[in-house]
Amino acid sequence: MSYYGSTDYLANDDFVLRMKDIRKGNLDLGWLKAGTEQIEVHASSPKRGLTYLDLNQGSYGYDELDEMPRGPRGSAPRGASYEIDNQADLGPDLNLKSDVWAYKVASFYEEAVSRQWDATTDVPWADLDKYDTSDEVEIAFAQLCTFFTEVEMIATDLPAKWCWRMNNQFHEVKGFIASQAIDEARHAEVFRKRALAGGVGLMQALPQAEHSLKAILDSDTYSEASAFMHLLAEGNILTMFRFSEFISPTPVDKRMFQLVMQDEARHVSYGLQHLKWILDNTPERKEQLHAALDEAENFSLSQFDSSLFEAMIVLAGKGTSPEQIKKGIEIVGTLQVKQVEEYFQRLRRAGFAERIEKSKFRDLLAAVSLNRQDPAVAS
């Protein structure tokens, strides 16, 4: 252990005598006079149940929470009474509301906990045997699932890395990113199961992806990590999920992507609302986030040149004949443009529209002759 108590309580006569006194029925009952605010809350929608939005009142609410809460730095929940001199200081790194907060974060949390699904039973695994797919298509799909498994494992690690470093006054955010870690762990589970259930197993891990994922984990601040992961990486993955549902070889796979998409869309929305909160409340941090996105784009470019996209070409064309490969290249080219277009849309929504003109993705599309139209305008 690295944390030692200053008192051995079994050797503390006052403590032992007090415990014996309580067991005799001599109660102090001082805790009855905690002096905390007394409120009455009700579920605004009986069907939906009691939510964090219903609890957003008085000292228990989050709307009036200051940018720098002066409350406890330990585990005392917001609204509880505490003895500041005797409380353990957990030393949280993220103590400003703008470090972590997002518009609608309480709603995102409630949606997350109400829409949990089970990778073991909610995907009709037994139905896979009903469908015949060619060997090359099944192998290509296993390669795709291997990539998604890599991605989702890091997407599990990132919220777990930062959650414990947040001040406990921000428990709506902590609850949400804890739910995100659960979502991403389930995504890694479902893609791993699919790779094995098809009889192929996991394929090649991609070093390009791994360097990009490491860069997300190594971000200097939570907001930089969020911008990289939510705005760019998970946004791109969400586009790939939609595309993968379209080219899925079986209805089982389509169902799998429908389930993961609902989670991923929620994560991306939180990231957008977090960046909007930063710009509205601490606009001086915008250039720092631009610099972080410069490097995020740089790392993300490498993923456009890997065996991943060859596998997607085989899946999109449904085979490896020259005609099928030609068709697959056209379809995957559309995906690449769509990824950039949707990234630019997210930049606008988050308040970073000026970034579009200097984005490295514009140069990429020009270099590979994919931008038949202005990629800043969604088709």
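**A helix residue and its surroundings**

Mentor: Gln-262 belongs to helix 8, which covers residues 251-281. The model is a predicted one, and what follows should be read accordingly. With a relative accessible area of 18%, Gln-262 falls under the 20% limit and therefore counts as buried. When neighbours within four places in sequence are set aside, the contacts of Gln-262 are with Glu-111, Arg-115 and Trp-117.

The charged pairs come next. The structure has 20 salt bridges. One of them joins Arg-285 to Asp-99, with 3.7 Å between the closest N and O atoms. Arg-285 is in the loop between helix 8 and helix 9 (286-301) while Asp-99 is in helix 2, so this pair ties together parts that lie 186 residues apart in sequence.

Glu-297 and Arg-355 are both buried. Two of the contacts of Gln-262, namely Glu-111 and Arg-115, return at this point: through salt bridges with shared partners, Glu-111, Arg-115, Asp-183, Arg-186, Asp-263 and Arg-266 form one network.

A local pair is found in helix 5 (residues 171-197), where Lys-193 and Glu-189 are 4 residues apart, about one turn of the helix. Their side chains form a salt bridge at 2.5 Å, N to O. Lys-193 is partly exposed at 30% relative accessibility, and Glu-189 is partly exposed at 28%.

Two or more lining residues come from each of helix 4 (135-163), helix 6 (207-217) and helix 7 (222-247). Helix 4 makes the greatest contribution to this lining, with 4 residues.

Helix 6 also holds Ala-209, which is buried at a relative accessible area of 1%. The C-alpha atoms of Ala-209 and Ser-302 are 7.6 Å apart, although 93 residues separate the two along the chain.

Most residues other than glycine have a negative phi. Leu-29, however, has a positive phi near 60°, and Leu-29 sits in the loop between helix 1 and helix 2 (97-100). Lys-104, in the loop between helix 2 and helix 3 (105-114), has a positive phi near 70°. Leu-29 is partly exposed at 37% relative accessibility, whereas Lys-104 is exposed at 55%.

Leu-29 also belongs to a nonpolar surface patch of about 840 Å², whose other members include Tyr-9, Phe-15, Met-19 and Trp-31. Met-19 lies in helix 1 (residues 13-23) and is partly exposed at 41% relative accessibility.

Definitions and conventions: Residues numbered from 1 in each chain as written. Predicted model: local features only at pLDDT ≥ 70, side-chain atom pairs only at ≥ 80, totals over all residues. Heavy atoms only, no water. Patch = residues over 30% accessible without salt bridge, like charges linked within 9 Å, V, L, I, M, F, W, Y side chains within 5 Å. Areas by Shrake-Rupley, 256 points an atom, 1.4 Å probe, with all protein chains shown as cover. Salt bridge = Lys/Arg side-chain N within 4 Å of Asp/Glu carboxyl O. Buried < 20%, exposed > 50% of the residue type's maximum accessible area, 1.4 Å probe, protein only. Contact = heavy atoms within 4.5 Å.
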